[in-house]
Amino acid sequence: MTSLSDRPVKPVVGMTVPHESANLHATGTALYTDDLIVRHQDVLHAWPVQAPHAHALVAALRTGPALQVPGVVRVLTAADVPGLNDAGTKHDEPLFPTEVMFYGHAVCWVLGETLEAARLGAAAVEVDYEPLPSLLTLTEAMHAGSFQGHQPTVSRGEADAALADAAHRFSGEFECGGQEHFYLETHASFVYVDEGGQVFVHCSTQHPSETQEIVAHVLGLHSHDVTVQCMRMGGGFGGKEMQPHGFAAIAALGSVLTGRPVRLRLNRTQDITLSGKRHPFHARWDVGFDADGRLQALKATLTSDGGWCLDLSEPVLARAMCHIDNAYWIPNVEVNGRVAKTNKTSQTAFRGFGGPQGMLVMEDLLGRCAPLLGLDPGELRRRNLYAPGQSTPYGQPVRHAERLTTIWGQLLDRADVVRRQEQITAFNAAHPHTKRALAITPVKFGISFNLTAFNQAGALVHVYKDGSVLINHGGTEMGQGLHTKMRQVAATSLGVPLATVRLAHTRTDKVPNTSATAASSGSDLNGGAVKNACEQIRGRLAEVAGRRLNIHPDDVRFYDGRITGIGFTDQVIPFAELVHDAYFQRVPLWAAGYYRTEGLHWDSARMQGEPFKYFSFGAAVSEVEVDGFTGAYRQLRTDIVHDVGDSLSPLIDVGQIEGGFVQGVGWLTLEELRWDVSDGEHRGRLATQSASTYKLPSFSEMPEVFNVHLFEQATESGVVYGSKAVGEPPLMLAFSVREALRAAVAAFGARGASVEIPSPSTPEGIFWAVEQARAGAAAPAGSETSPVTTD
């Protein structure tokens, strides 16, 4: 077996190739879960009965009237569940609740011959509720002491003593909002039972194995009685890691009880009101700097809004706490975390998985403190970047920390920052009502699952007698290009052209016990497993070729569908011919591959260890223009240098960086979830439940000039073909836009003032920040006691 990171001659990885389903996407012929119903007869459709209360007891449930509606076949309730009435892994998510925990909570589901029949049937169900007091905001939950799950602490050194000794000390609070996933394809499941009693679940899920487990325990079956297949997803972003399981279980229960296929596809309003979102966070912090502006101590409390049940809130909080340092060395740290329990949807995984919220606390803190220290925010950040030999607050050495400084320098040069700063100064002097500014922010993001056991993967690779290759792996495709990269890995490992390799849909009966496609680890884990399987096959083929070429198997070389020996090219065996020979020599032409990430250890009780295989680094410079009359802004230019190691697929990686950045800008500047927090009859109702009321980033929010550069000479040892993850880290590059907005707002006010902006920094929020900047006075630079607070 070769080293995991070494690349052979003429590798297919590293080539610029299009997404493997690009043509299907562009022509509309790509099939998604909900497209499959046209191939089946007698399909039933599911519709939820959603509660109109944020918190209430279900006093009575009368389903009889629904059964009188033409086309209604059955109403599913808790009494129909043969197994466990729970949609989660922590047994705190009843599939059919007797206590409504959020506005829109589904209390039962109606099955109809048509979607309209199911909808009318749901409207006919009669439910008596006993309303109960509810908690909707983080402030309400914190005042009420409403928390759930563990309350961990990350610490190093003596934070209190270091704060007391710091030359400059500041304190403040900060709160950031949630984010709706708004994938193009809503949650969808399609289930039928075959002649052998096998429950076959087609599901738009990032975690087929866990969907399989939840469906099985709801039905009272073993996992081998349930098969889950995910063809592809129209977006996931973490929202389909835990959330699909209950919907799949509803469809499976309906299919088992009626003997007919059942389709459950949420419309947009149902999806937004039933499914979880990014966790909002509140932070309270106390920070100390030395006389040169170097961080000395940080003491903080992070409180996340977990919604009504735990879901993934505990690991999301843990990652936020492990990423509050972002790219900065802090000698003395104490960070406490807790998860608030509120009467809202169960908040869940979202691209970055808590990392963005933790890192945002630090970036906001530095942006607010820099003027008080009399330093340019970019210079303050640069001074505090990790250096070689330093480690994180939880004890993991920051390997390749020098890349942060190198990337920073490259970005300043590539973005021509010095000259542009001069132009911005001149522009602002000439425009009293419009201001420009730019900001540079770094990213350091750990790659691996927090839970060490999840860092494993399997694959199944078949080579057929004609030399064609079929690969199966446990990862799911949600548009991020994982399948494209896996084809490139297989083609490189076997030394065959990319066109030779086909990839089959992800299924639990092909590769079992898989981890979610999440934590940016899809390529690392599944790529390692695919490579392992291919190398097993190639090793057997090398022995066949070695006998034919009269050389040692280690001297056989595979490339571009040809097999020859090291040091000579006059004897060449076509790959298909060698496979044919191997078959007639009774050499197995398939292999099950496996990969586990080495070198990981995490003590979740002590919040200490090395939970990440490596860190992804990057930095971005963004320039914005703010209108002082309206708060509206334009993104003029963004330059990015990002470390993806040796890219497996450069075109895919650049696309992921661009997409992640724009999604981050959406979260930080546009996307605002609004809940009815009044005491009226609609308390707890989500007001932003459609595209007409929830603002998403679009082409108009793209930077007018957008430059992305992949950091070079960045091989990462111990990872498949030297690559690095790319899914989540680029989202945090969007901090540069928010910090540029802060600097533009500051340009409207007095020099040296600390500027506060909300998150999301909507045009309305920026307008009021501008008004405050215009009315405020300069704070004394470097003041030891200047408070930094938020509204």
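How much accessible surface does the chain have, and what percentage of it belongs to carbon and sulfur atoms? I am working with a predicted model, and I find about 28900 Å² for the chain, with 52% belonging to carbon and sulfur atoms.

**Overall build.** I looked up the secondary structure and found 19 helices and 30 strands. The radius of gyration is 28 Å, close to the 28 Å from the globule rule for 791 residues, so the chain is as compact as a globular protein of that length. Buried residues account for 60% of the 791. Of the contacts with a separation of 6 or more, 81% are between residues 24 or more positions apart.

**Charges.** I noted 65 positive and 85 negative side chains, with the centres of the two sets 4 Å apart. The structure has 50 salt bridges, and I picked out a few.

**Asp 325 and Lys 444.** Their closest N and O atoms are 3.4 Å apart. Asp 325 sits in the loop between α9 and β16, while Lys 444 is in strand β17, 119 residues away. Both residues are buried.

**Arg 381 and Glu 363.** Here the closest N and O atoms are 2.5 Å apart. Arg 381 is in helix α11 and Glu 363 in helix α10, so this pair ties together parts 18 residues apart in sequence. Arg 381 is buried at 1% relative accessibility, and Glu 363 is buried at 0%.

**Arg 383 and Glu 379.** I found this salt bridge at 2.7 Å, N to O. The two are four residues apart in helix α11, about one helical turn. Arg 383 is partly exposed at 27% relative accessibility, as is Glu 379 at 24%.

Methods:
Residues numbered from 1 in each chain as written. Predicted model: local features only at pLDDT ≥ 70, side-chain atom pairs only at ≥ 80, totals over all residues. Heavy atoms only, no water. Rg over C-alpha atoms; globule rule 2.2 N^0.38 Å. Buried < 20%, exposed > 50% of the residue type's maximum accessible area, 1.4 Å probe, protein only. Contact = heavy atoms within 4.5 Å. Areas by Shrake-Rupley, 256 points an atom, 1.4 Å probe, with all protein chains shown as cover. Lys, Arg positive; Asp, Glu negative; His and termini not counted. Charge placed at Lys NZ, Arg CZ, Asp CG, Glu CD. Salt bridge = Lys/Arg side-chain N within 4 Å of Asp/Glu carboxyl O.
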